[in-house]
Amino acid sequence: MEKFDVAVIGAGISGAATAYTLAKAGASVAVIDRFGPAAMASGWTLAGVRQSGRDPAELPLAMEAIEIWQTLHQELGAPTHYRRKGNLRLARNAEEYEQIRTMVRGQRELGLDLTFLASNDDVRAIAPAVSPTILGASFCASDGHADPQATSAAYMGMLDRLGVTRIMAEAVEAIEVSGGKVCGVRTVERRIAADGVVLVAGVMGNELLKPLGVRVPIETPMVAVIRSVPIPPVLEQVIGVSGGDWAGRQEASGRLRITSGALPWGGAMEIMETAAGARPVIRPPLSSLREIIEKLAFLLPGLDATPIEECWAGLLDLTPDAVPVLDHVPGVEGLVVGMGFSGHGFCLGPVTGKILADLVSGRSPLHDLSAFRSDRFSTTPAAGRLELHG
Ligand SMILES: Cc1cc2nc3c(=O)[nH]c(=O)nc-3n(C[C@H](O)[C@H](O)[C@H](O)COP(=O)(O)OP(=O)(O)OC[C@H]3O[C@@H](n4cnc5c(N)ncnc54)[C@H](O)[C@@H]3O)c2cc1C
């Protein structure tokens, strides 16, 4: 049986960054994914890299992440197409205007350099494509966006160079535990021994926790995404709205990538063969696409004439308080979980990786993780609240 220091379940950005941190420190690591790199949320994502609008507990993690993103491409030796061009959260009416003004005040008190743009002229001085009907906005100049596929490829290339064993297109069926301590995983094809296991399987994480009597409470709403053909540069920032019911940006490729808010998901998921192997596919309803396009026409007039190249839907792992669980699994020594990123875990990925690597290695993480404990839900309200995911 193959034996590793750590087995990482999931090759999204959380798993990739965790494996990278561990392998860089000299650990022997296996990354196992039932589909392949960035097959789920880390590929479906809008890939905004933002601090603004974060929960106070998450803000220090996002701030560290932004520092890492600036040089991540150098560290990984391949492009991430990270652009630090800012994030605008637009106010469409008087109520949103006040919400955003209050949010800016609160975030500034937490140390974030966030500006309230009080007039349409101020907003359009930064983003001329924005509609003259927009009343104001928050602007965080140090926010930005990256390319999810390029980032995943950059991590995978580095994992290969560091000698990480990548086992793709192979589902983990069980986390193996003996005497209260994790001892490895069982996939559909083999047993893999490991002293530590990191579970970063996104919306599917609970399937592997259930036999251990553990559950991270998540809802799994759907977000629809439209990607256009490449067009000339019109938009540098990530654009969101108060309430989180729309977000969008222009990729480095020139394509517009625009999303709905969180919508109910009926559970339909197809597994389709693609050039990259089998991938889970969720088909967005026509009504969700109509809504995205209507809001695009309202927020960024004229861009709704852009031809569509593709569309898809992705799932969020939304916790009751919309921040993730980053913790040891109670009662199972050596098992660490990172899930419940609630629509904003792409930005955090590089820091999530450091935190989970520290936890599984027995080191104390540099951040206060009390807000991310798995046992907190017994005392928090059950209703999930989604923040802007741009
Ligand atoms: C439409 C959309 C827009 C978003 N926009 C943003 C944004 O702008 N900014 C931001 O920061 N975040 C955003 N997010 C959220 C962000 O993309 C996610 O929080 C992040 O990608 C989560 O990464 P992950 O690695 O934890 O999970 P995932 O990327 O979902 O990876 C989990 C992996 O585990 C694998 N897996 C599952 N079960 C098993 C098993 N049994 N065995 C082996 N492998 C398994 C899956 O195949 C998958 O590859 C968005 C999400 C969506 C869907």
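**View 1. The largest nonpolar core of the predicted model.** This core has 47 residues, and those with the most contacts inside it are Val8, Val29, Val31, Val49, Trp69, Tyr155 and Val198. At least two residues of this core come from each of β1 (2–9), α1 (13–24), β2 (29–32), α3 (59–76), α6 (148–161) and α9 (345–361). With nine residues, α9 gives the most to this core. A nonpolar core is a set of buried Ala, Val, Leu, Ile, Met, Phe, Trp, Tyr and Cys residues joined through side-chain atoms within 4.5 Å. Buried means under 20% relative accessible area, exposed over 50%, and partly exposed in between (1.4 Å probe, protein chains only). In soluble globular proteins, nonpolar side chains tend to be buried together. The structure is a predicted model, in which local features need pLDDT of at least 70 and side-chain atom pairs count only at pLDDT 80 or more, while totals for chains, interfaces and linings use all residues. Residues are numbered from 1 along each chain as its sequence is written, and side-chain values use heavy atoms, with hydrogens and water left out.

**View 2. Surroundings of Val8.** Neighbours within four places in sequence are left aside here. Val8 is then in contact (heavy atoms within 4.5 Å) with Gly15, Thr18, Ala19, Leu22, Val29, Ala30, Val31, Ile32, Val198 and Val200. Two of these partners, Val29 and Val198, are listed with Val8 among the residues with the most contacts inside the largest core.

**View 3. The second core.** A separate nonpolar core of 27 residues includes Ile32, Ile167, Ile175 and Met339. Ile32 is also one of the contacts of Val8.

**View 4. Pro301 and its loop.** Pro301 is found in the loop between α8 (286–299) and β18 (308–315). Helices (H or I, at least four residues) and strands (E, at least two) are DSSP runs, numbered from the N terminus. Pro301 counts as partly exposed because its relative accessibility is 42%. Apart from neighbours within four places in sequence, Pro301 is in contact with Ala129, Val130, Ser131 and Leu296. Ile282 lies 19 residues from Pro301 along the chain, and the C-alpha atoms of the two are separated by 29 Å.

**View 5. The setting of the close-ups.** The protein has nine helices and 20 strands. Along its principal axes, the C-alpha trace spans about 65 × 45 × 40 Å. Of the 390 residues, 58% count as buried. Among contacts with a separation of 6 or more, 73% are between residues 24 or more positions apart.
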